[in-house]
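Student: I've got a chain to go through with you. Can we take it step by step?

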Amino acid sequence: MKNKNSSIQSILLSMYEKLVTGHELKTIAQMAYEHLGNPLIASDKSCRLLCSIGLPEDDENPVWRSLRDEGYYPLEYLEAITYNPKYSRIYTETSPVLLEDDFSGHRCLTFKLAFGSAVIGFAQLVELHRPITARDAELFAAFCRIAGTALCGKKPEEEALKKSYEYVIDEILKGNLRGDKMKDQLLAVNIEPKQPRCLFVVERGDGGKLQTEYVRRSIETILRDSQCSVHSNKIVLLLKSRGTALLPPDVRARFKEFLTENNLICGGSNRFLSMNDLPSAYHQAVTASRVGHQMAGKGPIFFMWEYATYQMCDMLYDQCELLDFCNPMIIMIRQYDERSNTKFSETLREYIQSGCSPVKTAENLGVHRNTIDYRLGRMKELFGLNTDDPEMMFSFKQSFQIIYYIEKNRREGKPYTESQL
């Protein structure tokens with residue numbers, strides 16, 4: 001460690017000289033470390049390591065091992081910085097925060113890296129070799145301000161920016177990349193222009209602001225082969241289509257659990273082959289999550305094909321009588337239930353939703369299997385129901401979806417004039 005009596009002012013001047021002469025962050029950090037005498041770490045807001053000076057190479061501390069082996073703080077650290085006030089205040093305090101770090105087991109002086117109001121990340125001074133002093137805190141704060149200037153004030157090279165995966169996806173979604181120009185940009189970021197894919201779009205279920213850095217890191221941890229980008233405060237995720245299943249069952253279960261725990265919803269597009277169709281797929285995914293969430297579907301993942309009927313209802317709501325698209329037998333059964341206090345309509349709907357299984361229908365309705373057989377038999381006698389006719393059963397399923405759409409919107413105050421309901 002250099003002379004402790006070196007003035008803060010002289011050290012600052014030396015670091016600023018490195019800054020203005022174009023030296024990288026690591027050079028400035030090395031200079032600060034020589035005066036601070038404890039390990040110094042800098043990372044961006046996704047907890048990706050920007051530089052580290054002085055960390056023991058063979059230490060098995062879980063935080064340092066993660067930084068050394070993966071180039072990131074552990075995901076739990078990012079979660080704490082996002083949600084835990086003890087950690088998240090490093091982005092709001094006007095001076096460094098001395099933390100008893102629950103993850104590394106060391107005291108750390110922590111402060112944001114920023115340039116004006118633009119925050120790029122944070123830095124830590126780890127109390128490892130000697131106690132942190134007031135002088136250290138002053139010098140560390142100065143280092144953070146200079147490092148923030150070096151990172152935020154440095155304009156990225158235009159060509160480097162155009163080689164960014166996120167840049168390319170965002171430009172395609174904005175309609176700024178097409179044809180050969182788009183093809184060249186895709187190949188530059190290792191995306192095949194033509195390949196079967198599905199698009200996932202993740203957003204907050206309540207419409208609130210998304211904690212993008214935490215969510216994208218979490219998703220990339222669960223879906224190991226994935227790469228996320230951010231567009232309009234939503235996470236955009238391209239998935240390669242492998243056979244009939246997009247995700248293995250265990251990965252899908254973990255993904256759904258994460259979405260549910262964090263009040264997130266995910267819309268899934270139909271499969272598409274060309275990246276020219278990416279804007280259309282994005283619209284499908286956003287529409288699927290909106291309509292699926294609105295209709296209280298079986299989330300938190302909503303696929304476009306599952307909610308196509310509801311989407312069509314949205315488009316036709318003010319243009320025609322939606323009941324005209326229903327199988328008239330459903331209307332007759334509902335009217336009969338109203339007059340005779342029977343439950344044929346409820347039974348038929350549950351029968352269709354249960355995969356036309358009388359046993360499962362009976363379980364879901366809490367009645368005996370014989371009751372289901374009797375009701376289906378009576379509907380055959382009264383209305384000509386034929387459960388073996390696939391086209392009839394499909395029209396019934398669609399009809400029930402249309403009726404559910406009308407009733408739900410009516411309950412929520414959206415007017416519907418059809419007297420039959």
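Student: Of the contacts in the chain with a separation of 6 or more, what percentage comes from residues 24 or more positions apart?

Tutor: Some ground rules: this is a predicted model, where local features need pLDDT of at least 70, side-chain atom pairs count only at pLDDT 80 or more, and totals for chains, interfaces and linings use all residues. Residues are numbered from 1 along each chain as its sequence is written, and side-chain values use heavy atoms, with hydrogens and water left out. Contact means heavy atoms within 4.5 Å. On that basis, residues 24 or more positions apart account for 61%.

Student: Is Met 329 buried or exposed?

Tutor: Met 329 sits in helix 14, residues 328-340 (helices are DSSP runs of H or I, at least four residues, numbered from the N terminus). Buried means under 20% relative accessible area, exposed over 50%, partly exposed in between, using a 1.4 Å probe and protein chains only. Since its relative accessible area is 10%, Met 329 is buried.

Student: Which residues does Met 329 touch, not counting those up to four places away in sequence?

Tutor: One C-alpha distance gives some context: Met 329 and Ser 395 are 66 residues apart along the chain, yet their C-alpha atoms are separated by 10.0 Å. As for touching, the list is Phe 383, Gly 384, Leu 385, Met 392 and Phe 396.

Student: And where is Glu 79?

Tutor: Glu 79 has a relative accessible area of 35%, so it counts as partly exposed. As for its place, Glu 79 is in helix 4.

Terms used: Helix = DSSP H or I, 4+ residues; strand = E, 2+ residues; numbered from the N terminus.
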